Amino acid sequence: MAALQRCLAVCALTTALNPAARKLTARKAVVAPVTEVKPDDASVVKEACEVPPFNKVMAANRAEIAVRIMRAGTELNMATVGVYAMEDRNSAHRWCADQSFLLPARDTPVGAYLDPKSIVDIAEREGVEAVHPGYGFLSESPELARLCGERGITFVGPTVENLLSFSDKVSARKMAIAANVPVVPGTENALDTAQEARAFAEEFGLPVMIKALMGGGGKGMRIARTLDEVESQFESAASEALAAFGDGSCFLERYVEDPRHVEVQIVGDGNDVVHLWERDCSVQRRHQKVVEIAPAWNLNDGLRKRLQDDAVRLGKSAGYKNAGTVEFLVDVKSDEHFFIEVNPRIQVEHTVTEEVTGIDLVQTQFRIAAGASLRELGLIQQDIKPRGVAIQCRITTENPERDFAPDAGTLAVYRHAQGVGMRVDGVGYTGMRITPYFDSLLVKYTARAATWPAAVRRMRRALLEMRIRGVKTNVPFLLNVLEHPDFVKGDVTTSFIGDNPSLLSIGKSAWDVMHFQSSQDKVFRVERNLRYLANVAVNGHPSSLGADASKLDKVRTTYIPKPDVARKEPGPWRKILREEGPEALAKAVRASPSLLVTDTTWRDAHQSLLATRVRTSDIARVARETQDALGKSAFSVEMWGGATFDVCLRFLHECPWARLEQLRELAPDIPFQMLLRGANGVGYTAYPDNVIYKFCEQAYESGIDIFRVFDSLNDVENLALGVKAAKAAGGFVEGTLCYTGDVTSSKKYDLDYYLDLATRMIDLGVHALAIKDMAGLLTPRSATVLVEALRQKFPTTPIHVHTHDSAGLGVASMLAASQAGADIVDGAVDAMSGLTSQPSLGAIAEAVPEVGLDGDAYAKVSSYWDDVRATLYAPFESGQLATASDVHSHEIPGGQYTNLLFQSRQLGLDGQFDAVKIAYAAANRLLGDIPKVTPSSKVVGDLAQFMVANKLREEDVDTEQWVGKLPDSVVDYLKGGLGTPPGGFPEPLRAHVLKARGVEALQGRPGLSMEPYDFEQAAKDLSEKFEGAAYHIDEKDVLSEALYPSVFADYMEHRLVYDDVGHLPTHVFLRPMALNDEVEFEDGHGRAEYVELRSISELDDKTCSRRVVFSVNGEAWQFRVTDEEAMTIASGGGAGSARKMRRKASSSSGDVGAPMPGVVVDVKVGEGDVVSKGETLFVLSAMKMESTIVAPAAGTVTSVLCAIGDNIEAEDLLATLED
């Protein structure tokens, strides 16, 4: 009954004091006399309490707080008016208002909100009865309050006298002293000069706090710990205060080390003051509050009461009216508290007080401004009790790892977290452009719960659940704060963030929470994947991938089911190796009563037929089934090597180590086999010896069992390093004879040559011998002669034979090798066999029944690959339709045959492949008739294509005109970079080339002269270069960088922009999505994303870009992507240009050019933005580091000519500016 009477009294008083309310009451006739109201007549009570304090109110502010004011106004049934600067025309506060009006332009966008006269003019003109200033800007301006009063408009805030007393912090300090509230020793008045500040510090000691006389929000505040700092920091604080508040006056106080910051919310009606309990604001950065808590946590009751009493006493002494905050520092060591200031306005963090008290502060402000008293509002001190705990987190568009630098851009998606106990105050929306003109606060999250731990958990859940994409935010930093044990205990001071710099390391953050986004590397994955799909949708896949564009339409979305293969007991080979060692495995293989096989489908087969372009996901789908189908018949699965390693990183944007470990997990029982290029590892050049040792160690640990070690020139000195490294790692080592020529007729590569080579390998301690026939030159007769001789000379050593079916003799040669004494032969699943691949494993098993292959099960695996090849990888088919018996004349290796076809097309040599084959044979002769396997085969192929492209005959190469222009790979070979070829180097070609290029010949094995690779330093360097990446650099990454430095850098740059794309379905990885296409992919186990391409906009001629809109699980996400063809045309390159040619930046101060080649990873500005000199425009990732591109001069951005993900060259024009 008492509450009912208070409510009715407030309504009546409001009507009496407010003419507008009286008119509204009379007009609506809704207020009945108090005596006629029955206590149970709820409808009358409700209607009476809805009488608005004013008819029409203005929010004289912007963004979140303006919307907060408007919501309170609407709930009180008042019309709302907003004001906005032109740069805020798309802000939600403009169109959330019932009416909104443009502010006159000033020197800066912020300046428009700092002109009290313009605001009051609009208010008067539009019939506004009350102006609410919010926080910041003019919220503490006596001038605004005075102007409102002169025009008959109510100022929703303290009186002019209150503002004059408290917005000036020196005056506020004097009032606190007068009210017997403890203060920190400081200056009595504002200081005019830095010299005066120094004099104070010399007298009272250091450190000191320099504070702006006006304003708040941490602006104009500095700590000085030395006398020299006092002067510089005073000038800095004064300058910042002048810019923010229009007044640069500052004063000094003694600095209290490591205090807590506690503030008490007060409300006064001019006669009485109550407190609404207190808030802890200790989590702050540079005096800017970040997290606020109500009531203050872990505060003893005695101190809490003293703080509340002092705040109320100070408010009463000032005759305080409306809402305000009295702020204190608490010395945690002594429990002393010191007055800091009064903020005579609503605070950013008022939401936590509202949540624990149930009192709407903004509505209360309106009611008091209309004349209501505290008692009439029911604000009786003993009745105001907090319920539970509330936490507020301020979400800003800032990058914590760049010292909280503000970010700008477009919100690709904006979705809030909600639920029990969650409150959201913000103005964001999908598509909103974040500009650099205003404060970076985007939204405030407030969590309320019964207990402190529950509130922390609720806030953490909300931050993980919400989605703000397209710009960087401080959300990962906030999660780090919520996770920190000191925060969880409630034991933090204002130095908390400074004392814990790890809070700012967000790139690799992980949180102890059961949530699918429990680490930072998972947070932006979907957004980055969508950027990839958007880029492919607009620009197609890069031509460097080697896909035949005319066949991309054959890439279909047909679902390919996994084969149904029953589980089978695996062979014993891996168990023997891992438990008993490689020598025991060699004995077991020799004792095997049947021929064993190696399946090459996962490596050499698709390398030979599909340019190594098969993605890990398509192998993984059938990994377990392959192991089961092979059963005990298989010695190993060949699945790794140099081309695999290179292509994974370079073209498929996958980590080769991840491929190895994923497949090992799926097929744990069958030995995995790899090719190791001796001293070249899995690369194309020589490396320091410790790189090869470390590589083999990691490969064995990650799942490789069998190391087929070879040297592309059969140089045993080079090969020896690989053998020793693989043995040291624990692997089973096959010493490899790279087969070339014809052992039955060649004078250079005769039987004695191979037997001597094998003997030298046995002397190195290899566990088996491998014959590696790269081109399909091993005829059945040659296989018989060579294998029989090796078996006779090395009766206890396993022999493993590998060939290509280029000439159509593969199956016959493997059968001949088996009959001659080979223990293991290689083949591929039927659908991936033949031509330049390996012979059919199914056919071999049919011809040798004791192999014991389950033909039915293996046929199911073959059917899977038949579908995969036809529906997904048709663009990579070489076009070869039949075997080529002429391989014996040109000797092109099977894997290289397909690659040469691709490379020939890319070099514009379509239709000239016969000429390439003839030139290949000629190049081989010129280089000394060498074994041809990567990387030596690449040398021969490069020279052959060089000859065809320049129409050179064999005799033209060693001439003055051309000898100095040969490909770098040829020069490196001739100087000894790959080792020494059989029979030595070709002279005089070698001498002529080295002289023409000014190159010295290497002596001995190249790696011997190299300094050991510093893995520790490399790991440190990589971690620093990719510090901001949501990716943990590990030893495998360091190895990748050591082997392929530039390729790994490109891979990481791609990952920075698009994240891991390995889980995207192959058809969308390769082929652009069409409108209304929908794709499903998982970004984690049980995390399916359904993505539909909704629209691609018309070309924006000014930016040469298109807007791409997706539906992601039914929610719209949008991205802007540069149209590279349009950019090419606009830059004068013409349609269909092979390379995207951008216009180059001129020397004009208005042109913004790229300082180096790289990838655009961030765009900070848009057309029409006003920028200052030195302001960040773009972030470029190049050479494994990020580079910031800044405005060369102040001006307006007239065009932006790049987008995130664009590859650019040095001096490319990225934007233009105008004065």
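Two strands pair if DSSP finds at least two bridges between them. The strands and helices here are DSSP runs, numbered from the N terminus: helices are H or I with at least four residues, strands are E with at least two. In β4, Val131 stands opposite Met58.

A word on the source. This is a predicted model, where local features need pLDDT of at least 70 and side-chain atom pairs count only at pLDDT 80 or more, while totals for chains, interfaces and linings use all residues. Residues are numbered from 1 along each chain as its sequence is written, and side-chain values use heavy atoms, with hydrogens and water left out.

Back to β1. It spans residues 56–59, and both of its faces are covered. On one side, Lys56 and Met58 are buried; on the other, Val57 and Ala59 are buried. Buried means under 20% relative accessible area, exposed means over 50%, and partly exposed is in between, using a 1.4 Å probe and protein chains only.

Strand β1 also pairs with β2, residues 79–84. That pairing is parallel, over 4 bridges. Met58 has Val81 as its bridge partner in β2. How does the chain cross from β1 to β2? It goes through helix α4, residues 63–75, and this β-α-β crossover is right-handed. With the strands pointing away from the viewer, right-handed means the path from the first strand over the helix to the second runs clockwise.

Next, the domains. The protein is divided into domain 1 (56–156), domain 2 (185–254), domain 3 (388–507), domain 4 (586–873), domain 5 (886–997) and domain 6 (1140–1218). Those bounds come from an automatic or database domain assignment. Between the C-alpha centres of domain 1 and domain 4 there are 76 Å.

Now an open sheet. It has 3 strands in the order β7-β6-β8, paired antiparallel. Why is one side of β7 and of β8 left without a neighbour in the sheet? Because β7 (221–224) and β8 (250–254) stand at the edges, each with a single partner strand. Neighbouring strands in this sheet are turned by 25 degrees against each other on average, direction ignored. For such angles, axes are lines fitted to C-alpha atoms, for helices over the stretch in contact, and angles run from 0 to 180 degrees between N-to-C directions.

Look at β6, residues 208–212. It joins β7 through 4 antiparallel bridges. Met209 pairs with Ile223, and Ile210 pairs with Arg222. With β8, β6 has 5 antiparallel bridges. There, Ala212 is partnered by Cys250. In β6, 5 of the 5 residues are buried, so the strand is largely enclosed by the rest of the structure.

UniProt, in an unreviewed entry, places the feature "active site" at Arg345. UniProt positions use the numbering here, feature names are shortened, and annotations may be inferred rather than shown by experiment. Arg345 sits in the loop between β13 (336–343) and α14 (350–357). Is Arg345 buried or exposed? It is buried, at 8% relative accessibility. Its side chain makes a polar contact of 2.7 Å with the side chain of Glu140. A polar contact is a pair of N or O atoms within 3.5 Å; within protein, one must be able to donate a hydrogen and the other to accept it, and residues adjacent in sequence count only if both atoms are side-chain atoms.

Last, His275, in strand β10 (residues 273–285). His275 is buried, at 7% relative accessible area. Its side chain reaches the backbone nitrogen of Trp277 at 3.0 Å.
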